[in-house]
Amino acid sequence: MTPARPFVFLLILLVVLCSGIAARLDCWFMGWQGNRANSWNPLDVFIGSGQRLFAESFYREADVYYHSGYYPTIYDNREAFQTEHIGEDTGAVASHNRGDETGFMGAPLDFIDSFGRHFYPSRHTHLDEGGPTDDLSTSYRVAEILPWLKIASKLDPRDVKTYLVMAYWLRVRLHKVSDAELVLRDGLRHNPGDPQLLFELGRIDFGDYHNLASARGVWEGALRSWAAEKPNVPRSERLKYAVENFDDRFIFEQLHEYLAQLEVEATNYPAALNHLKLAQLASPKPDELQQQIDDLKRKMAKTDSSSAHR
């Protein structure tokens with residue numbers, strides 16, 4: 001009978017040898033310029049850029065949950081769902097939605113189709129507005145979209161819209177302002193100086209902490225970051241009615257509009273007027289901002305008149 005000991009030693013030798021080769025190849029792979037990850041995260045190594053696809057899927061699933069399952073398929077009209085409503089409602093994400101968001105299913109084809117729609121979600125609702133029951137006391141259920149968004153942010157930490165949406169719903173509907181701030185700062189750690197994240201962080205300073213000086217500093221910093229990232233984006237008077245570069249100009253307009261609100265609250269009307277004029281250059285609806293500009297000019301004239309009679 002052949003002794004088993006040599007085979008045991010040989011097996012141990014093979015395990016050690018394979019482990020050494022694997023460790024060596026792993027170090028080489030992580031230092032290789034063509035590696036998909038440049039990270040020790042197993043998800044980066046094994047999935048690579050495919051993580052972004054999974055992240056987008058989880059983000060979209062959060063929007064489906066937000067609508068309680070009432071959502072267009074690839075066979076329906078998706079014009080009103082080009083931008084997910086969980087992002088559109090934040091006001092920090094540029095929207096490309098148009099058309100009737102409630103009519104993507106079209107009219108029932110026949111009485112069978114009409115009857116069948118009673119057995120699956122067939123009405124447009126939002127969780128924070130009471131969902132299918134229209135019961136506003138259940139609006140807290142919007143928290144159920146957060147786990148989907150959390151997974152999406154882990155899979156693709158460079159996608160800023162996920163942090164924006166998480167922070168908005170934490171702050172506005174769940175009233176967890178400090179948690180929202182932590183989410184945004186985590187997003188900034190992965191996306192330093194991002195103008196959209198700074199815009200949302202400034203909204204916390206302005207609307208929740210009522211710290212005008214901090215909000216002004218954050219938003220002005222966001223504008224500097226925007227100018228560095230988008231040096232060639234048109235925002236001249238000649239191009240103010242164009243729709244090109246809408247996504248890039250959106251946050252520029254929002255920042256100046258909010259800075260105008262801040263300066264009005266600080267009674268610094270000339271600065272507010274300047275911000276509104278700059279926002280108008282980037283806006284697809286300049287006439288609406290012109291109305292605000294005219295109202296502010298009348299307010300300034302009235303203030304100057306009152307000062308002169310004292």
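T267 sits in the loop between α11 and α12 (269–282), where helices (H or I, at least four residues) and strands (E, at least two) are DSSP runs numbered from the N terminus. The phi of T267 is near 55°, a positive value in a residue other than glycine. At 56% relative accessibility, T267 counts as exposed; here exposed means over 50% relative accessible area, buried under 20%, and partly exposed in between, with a 1.4 Å probe and protein chains only. S68 likewise is not a glycine and has a positive phi, of about 55°. The place of S68 is the loop between α3 (50–66) and α4 (85–88), and with 22% relative accessibility S68 counts as partly exposed. As background, most residues other than glycine have a negative phi.

The model is a predicted one, in which local features need pLDDT of at least 70 and side-chain atom pairs count only at pLDDT 80 or more, while totals for chains, interfaces and linings use all residues. Residues are numbered from 1 along each chain as its sequence is written, and side-chain values use heavy atoms, with hydrogens and water left out.

Turning to the overall fold, the protein chain has 13 helices and zero strands. Of its 310 residues, 41% count as buried. Among contacts (heavy atoms within 4.5 Å) with a separation of 6 or more, 53% are between residues 24 or more positions apart. The chain exposes about 18,100 Å², of which carbon and sulfur atoms supply 58%; these accessible areas come from the Shrake-Rupley method with a 1.4 Å probe, and for residues only the protein chains shown count as cover.

The interior comes next. A nonpolar core is taken as a set of buried Ala, Val, Leu, Ile, Met, Phe, Trp, Tyr and Cys residues joined through side-chain atoms within 4.5 Å. The largest such core has 48 residues, of which I86, I145, L149, W169 and W219 touch the most other members. Two or more residues of this core come from each of α3, α6 (146–155), α7 (160–172), α8, α9, α10 and α11. Helix α7 gives the most to this core, with nine residues. Leaving aside neighbours within four places in sequence, L149 is in contact with Y59, A62, I86, T162, V165 and M166. A second, separate core of 10 residues includes A272, L276, L289 and L296. In soluble globular proteins, nonpolar side chains tend to be buried together.

The buried residues of α10 are A215, V218, W219, G221, A222, L223, S225 and W226. Their cover includes α9 (195–208) and α11 (246–265).

The structure holds 10 aromatic pairs, with rings of Phe, Tyr and Trp (its six-membered ring) counted as paired if their centres lie within 6.5 Å, and planes under 30 degrees apart called stacked, over 60 edge-to-face and the rest tilted. In one of these pairs, the ring centres of W219 and Y258 are 5.6 Å apart and the planes lie at 65°, so the pair is edge-to-face. Because W219 belongs to helix α10 and Y258 to helix α11, this pair ties together parts that are 39 residues apart in sequence. Both partners are buried, W219 at 0% relative accessibility and Y258 at 19%. F199, F206, W219 and Y258 form one aromatic cluster. Elsewhere, K161 lies over the face of Y59, at 4.6 Å from the ring centre; a charge sits over a ring if NZ of Lys or CZ of Arg is within 6 Å of the ring centre and within 35 degrees of the ring normal.

E181, in helix α8 (residues 177–190), is buried with a relative accessible area of 17%. Not counting residues up to four places away in sequence, E181 touches L201, I204 and Y209. D194 lies in the loop between α8 and α9 and is buried, with a relative accessible area of 11%. Beyond its neighbours within four places in sequence, D194 is in contact with V160, L188 and E229. D194 and L223 are 29 residues apart in sequence and 9.8 Å apart in space, C-alpha to C-alpha.
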